[in-house]
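Subject: A structure for you, with notes on its pockets

Hello,

Here is the structure I promised to pass on. Please have a look at it first, and then read my notes below.

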Amino acid sequence: MREEHIDETIMVQVRFLPQGLVQPTAFIWRERTRYLAGLGRQWDEVTDTGQWRCFLAQTVAGDTVELRWNTRTQEWRLKRAWWREQVV
């Protein structure tokens, strides 16, 4: 896998769960929709830009991504990605 530091704003499709939980299901990055197959670890981080809810997720293509949601501003960011090697 190839790790890439991205840290770009993205649009995210979410599912609202009971107890007020938010679960990302897909995101748009660089004009391409990437659907999520599952979520892994989740954690909170506080930075100078606010409180972030962080998600490790796997796309249906098998790539792993770190998504971040600013709970104050509602901004979503694609922080990092681990891309699978392409087989041709």
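**How confident is the model?**

This is a predicted model, with an average pLDDT of 95 for the protein, and 98% of the residues score at least 70. Confidence is lowest in strand β1 (residues 2–16), where the mean is 96, and highest in strand β5 (residues 64–70), at 98.

**The largest pocket**

The volume of the largest pocket is about 210 Å³. Sorted by class, five of the lining residues are charged, four are nonpolar and three are polar.

**The second largest pocket**

The second largest pocket holds about 170 Å³ of space. Around it you will find Leu 17, Gly 20, Leu 21, Val 22, Gln 23, Leu 39, Gln 42, Arg 53, Phe 55, Trp 69 and Thr 71. Strands β2 (22–29), β3 and β4 (50–59) are the elements that give two or more residues to this lining. By class, the lining of the second largest pocket has six nonpolar residues, four polar ones and one charged residue.

How values were computed: Residues are numbered from 1 along each chain as its sequence is written. This is a predicted model: local features need pLDDT of at least 70, side-chain atom pairs count only at pLDDT 80 or more; totals for chains, interfaces and linings use all residues. Side-chain values use heavy atoms; hydrogens and water are left out. On a 1 Å grid over the protein atoms alone, a cavity is a set of points where a 1.4 Å probe fits but cannot get out, and a pocket is an open set with protein on both sides within 12 Å along at least five of seven lines; lining residues have an atom within 4 Å of a point. Grid points are joined across faces, edges and corners, and a volume is the space filled by probe spheres set on the points. Ala, Val, Leu, Ile, Met, Phe, Trp, Tyr, Cys and Pro count as nonpolar, Asp, Glu, Lys and Arg as charged, and the others, Gly among them, as polar. Helices (H or I, at least four residues) and strands (E, at least two) are DSSP runs, numbered from the N terminus. pLDDT is the predictor's confidence in each residue, from 0 to 100.
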